[in-house]
Amino acid sequence: SAITLLLGPVLGLGFFHTLLKALRREEISYSTVLARLPLFFKAIGLDVMVALRVFLWMLPGWGVSLLGAVIMLYLPSLGMLVMVAAVVLMFVLMIRAMYRYRLASYVLADAPQTGINAAIRRSKEIMKGRKMELFSLEVSFVGWYLAVNLIQIFTLMLLGTVLGMALGMFASFLLQMYVYMATAAFYQEYAIGPVSFPETETDDLN
């Protein structure tokens with residue numbers, strides 16, 4: 001768990017770097033995923049700074065919950081309503097903040113010379129007015145997640161535990177790759193611009 005916690009951020013950058021290169025139809029290899037290892041400390045720092053900012057965005061909700069706790073001492077019913085409102089507020093602010101900084105890792109993966117704060121600012125710029133668009137994009141995959149779960153259930157029933165779990169994990173892996181590639185395409189579209197490919201030569205049919 002400790003190794004995963006330490007290597008996860010930098011390997012994530014390598015993974016996003018690989019997705020972007022594949023999207024742009026650039027040459028990739030097994031070493032592409034490891035290309036961002038020199039950013040080990042910067043990757044951890046980025047995750048910490050993003051987590052800190054998300055926490056700060058949630059502070060108003062914590063304040064309302066504290067107020068609700070005080071009110072519950074005197075008016076339990078009203079205090080409970082305030083507590084529920086606080087939970088909703090914290091959840092909304094957390095989601096908003098998470099989408100605000102969602103592309104910071106893609107920015108750093110794509111431009112490793114970018115500083116931590118610069119990557120966060122760039123993510124804010126890209127996501128301005130587009131948070132709901134990315135949220136809608138990701139929600140559109142809910143049906144696929146349900147389908148994969150159903151496939152795993154049926155394969156477990158028909159093929160047994162080992163083979164069923166293997167096929168279910170493979171289907172989940174393909175879906176996750178599809179979702180991550182969609183996010184990479186979102187980043188490419190709004191941060192860099194549409195991918196342009198050289199026109200292929202075609203025979204003149206006239």
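1. Helix 6 (residues 131-139) and helix 8 (residues 161-192) have axes that come within 11 Å and cross at roughly 155°. Axes here are lines fitted to C-alpha atoms, for helices over the stretch in contact, with angles from 0 to 180 degrees between N-to-C directions. That makes helix 6 roughly antiparallel to helix 8 (angles over 145 degrees count as roughly antiparallel, under 35 as roughly parallel, 65 to 115 as roughly perpendicular, the rest as oblique). Helices are DSSP runs (H or I, at least four residues), numbered from the N terminus.

2. A note on the source. This is a predicted model: local features need pLDDT of at least 70, side-chain atom pairs count only at pLDDT 80 or more, and totals for chains, interfaces and linings use all residues. Residues are numbered from 1 along each chain as its sequence is written, and side-chain values use heavy atoms, with hydrogens and water left out.

3. Which residues of helix 6 meet helix 8? They are Glu133, Leu134, Leu137 and Glu138; on the helix 8 side stand Ala182, Thr183, Phe186 and Tyr190. Contact means heavy atoms within 4.5 Å.

4. Thr183 lies in helix 8. Thr183 is buried, with a relative accessible area of 4% (buried means under 20%, exposed over 50%, partly exposed in between; 1.4 Å probe, protein chains only). Leaving aside neighbours within four places in sequence, Thr183 is in contact with Leu103, Tyr106 and Glu138.

5. Aromatic pairs come next. Rings of Phe, Tyr and Trp (its six-membered ring) pair if their centres lie within 6.5 Å; planes under 30 degrees apart count as stacked, over 60 as edge-to-face and the rest as tilted. The count by this rule comes to nine aromatic pairs. Phe15 and Phe16 have ring centres 6.0 Å apart and planes at 50°, so this pair is tilted. Phe15 is partly exposed at 23% relative accessible area; Phe16 is buried at 14%.

6. Tyr99 and Phe135 form an edge-to-face pair, 5.9 Å centre to centre with 80° between the planes. The pair links distant parts of the chain: Tyr99 sits in helix 3 (residues 76-100) and Phe135 in helix 6, 36 residues apart. Tyr99 is buried, at 9% relative accessible area. Phe135 is partly exposed, at 36%.

7. Phe15, Phe16, Tyr106, Tyr180 and Tyr187 form one aromatic cluster.

Technical notes:
Helix = DSSP H or I, 4+ residues; strand = E, 2+ residues; numbered from the N terminus.
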